[in-house]
There are 2 protein chains.
Amino acid sequence: MPPRARRLDPVTGTLSPTPRSTLGRLRERGATDRAALYDVLDHGLVCHLALVRDGAPVVLPTGYGRIGDTLYVHGSSGARWLREGAVPVCATVTHLDGIVYARSVFHFSMNYRSAVAHGTARLVTEEPERTAALRAIVEHLAPGSWDHARPPTRRELAATAVLALDLDEASVKIRTGPPSDDPEDISPEVWAGVVPLTTTFGTPEPDPHVPADAPTPPHVTARTL
Amino acid sequence: MPPRARRLDPVTGTLSPTPRSTLGRLRERGATDRAALYDVLDHGLVCHLALVRDGAPVVLPTGYGRIGDTLYVHGSSGARWLREGAVPVCATVTHLDGIVYARSVFHFSMNYRSAVAHGTARLVTEEPERTAALRAIVEHLAPGSWDHARPPTRRELAATAVLALDLDEASVKIRTGPPSDDPEDISPEVWAGVVPLTTTFGTPEPDPHVPADAPTPPHVTARTL
């Protein structure tokens, strides 16, 4: 890995992309703004976390939480790679907002927002960071739940590994709007446009053991994306 | 990388997981069935494609298509890693179906379906595979569009790199149903259950150059997930 320095400009908050966070192609879609990064991360539910195992990449979906400029993920402390910590990882959060129908197959595309963070994951072993990270992960997945549900026991905590990834090397890409067709392809005969995609929460489905007359608590019914 | 042999049982179609496609934890959630793999892939829109660059993982969202037991992705032929081909990659497709609210923070979870495919990507350079792959990618993203839109020119084809990933080392993980709480945590006072998540297509938004009275074609209006 190349040497890494802190890349967040402390004055403007602008992300200064490194070679690998500059995505190489289509730079005009890069939005190197920290508020945009937080926005993409905070409205996502799953990140795709990649690591290298035996020289090959592995990418798995997982929940996450954010505290300031740190992204936290957790998993079983029985998982070798989570126990190791200090491994290079990449975490990507993607929102798919629409399918872009163009006049030429070459210009078919997607409207999306994605955040990509690179860095060396750090195994979180000390309190109070460890509990704060677990709380952030649960609250990100299900806001209001940490105080509603039973806290973790010592045994459960021992079974859980927590990794931290500093968000100092990150980038955001956003595509919005209609297709980018070549002017000579535009014709009244050929339809083009965007079919938007929306993800929504449905009606909560109580567990079979919840009494039929038990109200669904406000932190669940109020859930929106 | 460890040596790889063909792992698809030709008789039953069952995926025979290798160590890295056996996901290590929670094996009971593994559904090693090829029909389930196709189902997860065919109903997804974006895969998260990971590769290794300078020893560190990089994971990016991208469209894809499937023909039989091959997954295709494409990108700019100006992208170094796409031109190189023959690189170890991992492609993951994830559907998030619900948030699982448990009685203990330890058992909060997600209902999801995910497919993970590992292998060495192959740069597709020969016809007719190359055009078939591009067609599969466009038709996966926007069914019915290949025959509706202008075909690619020689220049556009030259600007496009196509990679193939054999689906012979792949796994599917599925979680469904209510939370897996410990029996002693179940109480009529604490709500638990699932908040389902659904992704739907909205009303097509015509490009500004499409005449106001032009009908939206059936292959667009019929789009469902």
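Student: Which backbone oxygen does the side chain of A:T160 reach?
Tutor: In this predicted model, the side chain of A:T160 reaches the backbone oxygen of A:E156 at 2.8 Å. Residues are numbered from 1 along each chain as its sequence is written, and chains are lettered from A in the order in which they are written. Local features need pLDDT of at least 70, side-chain atom pairs count only at pLDDT 80 or more, and totals for chains, interfaces and linings use all residues; side-chain values use heavy atoms, with hydrogens and water left out.

Student: Is A:T160 buried or exposed?
Tutor: A:T160 counts as buried because its relative accessibility is 9%. Buried means under 20% relative accessible area, exposed means over 50%, and partly exposed lies in between (1.4 Å probe, protein chains only).

Student: Where is A:T160 found, and what does A:T160 touch?
Tutor: A:T160 is found in strand β8 of chain A, residues 160-166. Leaving aside residues up to four places away in sequence, A:T160 touches A:H74, A:G75, A:S77, A:R130, A:L134 and, from chain B, B:F106. A contact here means heavy atoms within 4.5 Å.

Student: How many helices and strands does chain A have?
Tutor: Chain A has five helices and eleven strands. These are DSSP runs, numbered from the N terminus: helices are H or I with at least four residues, and strands are E with at least two.

Student: What is the area buried between chain A and chain B?
Tutor: The buried area is about 7,400 Å², and carbon and sulfur atoms give 69% of that area. The term stands for the accessible area (1.4 Å probe) that two parts lose on being put together, summed over both.

Student: And how many salt bridges are there between chain A and chain B?
Tutor: The count is six salt bridges. One of these joins the side chains of A:D182 and B:R150, at 3.7 Å from N to O. A salt bridge requires a side-chain nitrogen of Lys or Arg within 4 Å of a carboxyl oxygen of Asp or Glu.

How values were computed:
Polar contact = N/O pair within 3.5 Å; in protein donor to acceptor, adjacent residues only side chain to side chain.
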